[in-house]
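Hi,

Here is the structure I promised to pass on to you. Have a look at it first, and my notes follow below.

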Amino acid sequence: MERKIKVRFASGGEKEVTVEEAKRILDETYDDPLGGLVADVKTEKVIDQIDPDLGEIFVLDTIIGGG
Amino acid sequence: MLSQEELERYSRQILINGFGEEGQARLKKAKVFIAGAGGLGSITATYLAAAGVRVIRVVDHDTVELSNLNRQILHRDEDIGKNKVDSAAKRLKDINPEVKIEAIAEKITEANISKLVADSDLIVDAMDNLPTRYLLNKTAIEKKIPFFHGAVNGFEGRAMTIIPGQTACLRCVYRGAVVEGSFPVVGVTPGVIGCIQATEVIKYIVGTGQLLGNRLLVYDGLNMKFTQFKVKRDPNCQHCGALKDKS
């Protein structure tokens with residue numbers, strides 16, 4: 001069975017995806033003109049690549065509000 | 001040296017272990033720069049004034065609008081059309097007449113930022129856009145003073161404390177371009193994040209506790225969750241990369 005990685009989004013929602021799909025999500029997050037971050041939920045560290053043993057990632061888009 | 005009135009006014013926080021009269025005396029000497037008198041600025045300024053920070057310099061070029069009043073609690077209906085810094089100064093003086101409020105109705109730009117921050121001990125990020133946040137971050141690093149970041153959107157919030165040369169800065173963490181835009185927000189979100197920023201500022205000045213350095217705090221009000229992620233300095237960071245690591 002193909003390994004799945006759980007993806008949680010700070011903006012809401014979660015899904016299970018393949019490693020390839022997780023890599024695509026990470027690339028898209030870092031390519032977003034507004035930026036964003038991807039973190040490994042287990043280690044609580046911000047990551048810039050999808051390691052094969054990752055279980056769950058958290059995707060944070062950049063938020064700008066404050067006024 | 002604290003007066004009898006100050007000892008009474010701040011008695012509950014002086015009682016805190018690690019705070020004491022010494023901590024209060026440090027607050028009495030502190031000069032804080034708050035960039036923005038909106039949602040985050042209203043909260044941080046309110047609690048820092050109440051805590052007894054000596055000087056609060058608040059900078060904002062905007063005037064009060066009706067749509068601000070769901071979250072910018074220093075302003076009232078009667079303030080609509082007036083400079084935000086003026087209504088902020090009035091309310092802050094009501095909260096604590098002992099605090100000196102320096103209200104500056106200017107837009108923060110690359111040309112004036114250094115002069116505006118001047119000899120402030122630290123910078124509080126209460127802005128509503130990324131370009132000015134990056135400018136504040138860069139200025140804090142150049143002046144080697146702490147920068148207290150906060151941001152909100154809807155029910156979400158983020159906070160992080162930056163100590164130049166010791167922790168990751170905003171530019172180490174956020175790589176994105178400088179896009180501006182309006183954002184949705186419910187008033188309680190800047191309330192939560194502004195309180196976290198003010199807590200960090202008080203801890204830094206008093207010299208107690210562990211600061212939110214190298215950690216990005218993520219608040220999810222909809223599901224009522226706080227999560228934090230470890231971040232680290234980027235040696236190639238365009239803002240702080242040249243600073244020697246002092247951690």
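At roughly what angle do the axes of H4(B) and helix H9 (residues 188-206) of chain B cross? The answer is roughly 40°, and the two axes come within 8 Å of each other. For the angle, axes are lines fitted to C-alpha atoms, for helices over the stretch in contact, and angles run from 0 to 180 degrees between N-to-C directions. H4(B) and H9(B) are therefore oblique to each other (under 35 degrees counts as roughly parallel, over 145 as roughly antiparallel, 65 to 115 as roughly perpendicular, and the rest as oblique).

Before going on, some housekeeping. This is a predicted model, in which local features need pLDDT of at least 70 and side-chain atom pairs count only at pLDDT 80 or more, while totals for chains, interfaces and linings use all residues. Residues are numbered from 1 along each chain as its sequence is written, and chains are lettered from A and ligands numbered from 1 in the order in which they are written.

On confidence, the model scores ipTM 0.86 and pTM 0.95. Chain B averages a pLDDT of 95, and 97% of its residues score at least 70 (pLDDT is the predictor's confidence in each residue, from 0 to 100).

Now the chains themselves. Chain B has 9 helices and 8 strands, where helices (H or I, at least four residues) and strands (E, at least two) are DSSP runs numbered from the N terminus. Its C-alpha trace spans about 50 × 40 × 40 Å along the principal axes. A compact globule of 247 residues would have a radius of gyration near 18 Å, and the 17 Å of chain B agrees with that (taken over C-alpha atoms; the globule rule is 2.2 Å times the number of residues to the power 0.38). Chain A comes to 1 helix and 5 strands, in the order β-β-α-β-β-β from the N terminus on. The C-alpha trace of chain A spans about 50 × 20 × 20 Å along its principal axes.

Back to H4(B), which passes H9(B) in a right-handed crossing (left-handed if the near helix is turned anticlockwise from the far one by less than a right angle, right-handed if clockwise). Among the residues making this contact are B:Ile43 and B:Tyr47 of H4(B) and B:Ala198 and B:Val201 of H9(B); two residues are in contact if their C-beta atoms, placed from the backbone, lie within 7 Å. By class, this contact has 11 nonpolar, 5 polar and no charged residues (Ala, Val, Leu, Ile, Met, Phe, Trp, Tyr, Cys and Pro count as nonpolar, Asp, Glu, Lys and Arg as charged, and the others, Gly among them, as polar).

H4(B) also packs with helix H5 (residues 84-95) of chain B, at an angle of about 35° and with the axes 9 Å apart. That crossing is right-handed. B:Ala45, B:Thr46, B:Ala49 and B:Ala50 in H4(B) meet B:Ala88, B:Leu92 and B:Ile95 in H5(B), giving 6 nonpolar, 1 polar and no charged residues.

Finally, the interface: 31 residues of chain B are in contact with 20 residues of chain A. H4(B) is one of the elements that each supply at least two residues to the side of chain B that touches chain A. The largest share of that side, 4 residues, comes from S5(B).

Best wishes
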